[in-house]
Amino acid sequence: MSLLRTHPRTIAVASAGALAVTLAGCSTPEASPGVTDDTVTVGTHTPLTGPAAAGYSSISKAVSAYFAYLNDQGGVHGRTIEYVVKDDGYNPATTQTVVRELVQEDQVFAVLNGLGTPTHASVLDYLNENEVPDLFVASGALLWDDPEEHPWTFAFNVDYTTEGKALARYAQDEGGDAAVFCVLAQDDDYGEDFVAGLEAVLGADALAVSETYAVSDQDVTAQVGAMQAAGCTHNFLATVNGFTARAVGTAAQMRYAAQWLASSSGGDYPTLAGYLGEEVAAAVLEGFVSANYLPFSPDSDWVELFRRVNDEYNAGEPFTGNTVYGMSVAYTFAQALAAAGEEPTREALVEALESGDVTGNGIMPLAYSADSHRSFAGVGITVVADGVQDYVGTAYTTDTGDGDVEPYVGEAPAPENEGVPAT
């Protein structure tokens, strides 16, 4: 069972009777901040309110649920994991405030899965200057893979350039010579990196229309109308889930049929169905294509495990791609913490990740090393058929530059010991 306490801007979750906020004085003198004999405290910033909350607030609930499950199995090296969640409303100024609270007041061992490119970029230097492990950033920006300048930061999402390259390769293979390629992209690093990936494969002049939107926009009617007028047959989307739903829904209202291919950040079918309604989603998202890198096929052993954890520890929350994402983050942190040893330090945690021994639970192993803090080196392609989103064909690997997109040859990590990392 979990204890949930709500404070201004803060949600703190603890399991097995432990308090959710660990005071600095509880740490042993030799230990890193956030580590006691019995607990390890980590924290995050995420939008629980504001325009991005509907698409992403369920992630931290899934992380909390998996930590509660792990804690009931004895934790990691005998320590339970305490998880402090701070609401930043997807506002960088608020992010700076709450992250300083996590570091200075809550004395967290690490910041885990801080969400958003503009929000997390605002605290990137602060966390590295203070040598706080900045793990598994919830954004596909290339900013997080710079171990020379930011040695404490590690990505989690596949970078948007890699996703763009893989989706472009898939569209080339499936679309034929008559395809007209276009894109709708968020007007920030997310969109720019994704478009760079498209152009690396398709060519600099291959996009007939390149439209953008701002997260403050109320609709995308003009952008979708421009795509329709240009005769776009294959529309790539560097959009968050809410704007993916708006784009596809608007096209349906215009009776404009096209192939839609989305980044993983805006391509989760259950979340999109929540925006559109089940009946509408079944009609307008048939054949919808998205990149992904985590297991969510109905017959996946990971999905079976996560469903059981969700049912028992997540208070009846719907099981979506965000559930898989959040629990994957929690599992990967637990695996890294186990690899950091019985007396974990911040330095040992980073060394464990750079060793290559932390594989994660994606469709391919994590690619962390001392020279690269990129998460996964490729993605798979998913397609919606009869209301079910699943992988098709092969996964692709590539670099973040102009390198070729190649089929992935290898195996995916499988769950062992019921998803409790060995210690």
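Tutor: Start with Phe-136. Its relative accessible area is 0%, so Phe-136 counts as buried. Keep in mind that the model is a predicted one. Phe-136 sits in strand β6, which covers residues 134-137. Its backbone deserves a look: phi is near 60°, a positive value in a residue other than glycine. Most residues other than glycine have a negative phi.

Glu-418 also carries a positive phi, about 55°, and is not a glycine either. Its place is in the segment after β15 (406-407). Its relative accessibility is 48%, so Glu-418 counts as partly exposed. Buried means under 20%, and exposed means over 50%.

Lys-86 forms a salt bridge with Glu-101, with the closest N and O atoms 3.0 Å apart. That pair links distant parts of the chain: Lys-86 belongs to strand β4 (residues 80-87), Glu-101 to helix α2 (residues 92-105), and 15 residues separate them. Glu-101 is buried too, because its relative accessibility is 13%.

Lys-86 has another partner. It forms a salt bridge with Asp-106, where the closest N and O atoms are 3.3 Å apart. Here strand β4 is tied to the loop between α2 and β5 (110-112), across 20 residues. Both Lys-86 and Asp-106 are buried.

Arg-169 and Asp-173 meet in a salt bridge at 3.2 Å, N to O. Both lie in helix α5 (residues 160-175), 4 residues apart, about one turn of the helix. Arg-169 is partly exposed at 24%. Asp-173 is partly exposed at 47%. The count of salt bridges comes to 8.

Some charges stay outside such pairs. Asp-125, Glu-129, Glu-148 and Glu-149 form a negative surface patch. Glu-129 lies in helix α4 (residues 124-129). With 63% relative accessibility, Glu-129 counts as exposed.

Finally, the whole chain. The protein has 13 helices and 15 strands. Of its 423 residues, 57% are buried, and Phe-136 is one of the buried residues. The C-alpha atoms fill a box of roughly 65 × 40 × 40 Å along the principal axes.

Technical notes. Residues are numbered from 1 along each chain as its sequence is written. This is a predicted model: local features need pLDDT of at least 70, side-chain atom pairs count only at pLDDT 80 or more; totals for chains, interfaces and linings use all residues. Side-chain values use heavy atoms; hydrogens and water are left out. Patches are made of residues with over 30% relative accessible area and no salt bridge: like charges are joined within 9 Å, nonpolar side chains (Val, Leu, Ile, Met, Phe, Trp, Tyr) within 5 Å. Accessible areas come from the Shrake-Rupley method with a 1.4 Å probe; for residues, only the protein chains shown count as cover. A salt bridge is a side-chain nitrogen of Lys or Arg within 4 Å of a carboxyl oxygen of Asp or Glu. Lys and Arg count as positive and Asp and Glu as negative; His and the chain ends are not counted. The place of a charge is taken as NZ of Lys, CZ of Arg, CG of Asp or CD of Glu. Helices (H or I, at least four residues) and strands (E, at least two) are DSSP runs, numbered from the N terminus. Buried means under 20% relative accessible area, exposed over 50%, partly exposed in between (1.4 Å probe, protein chains only).
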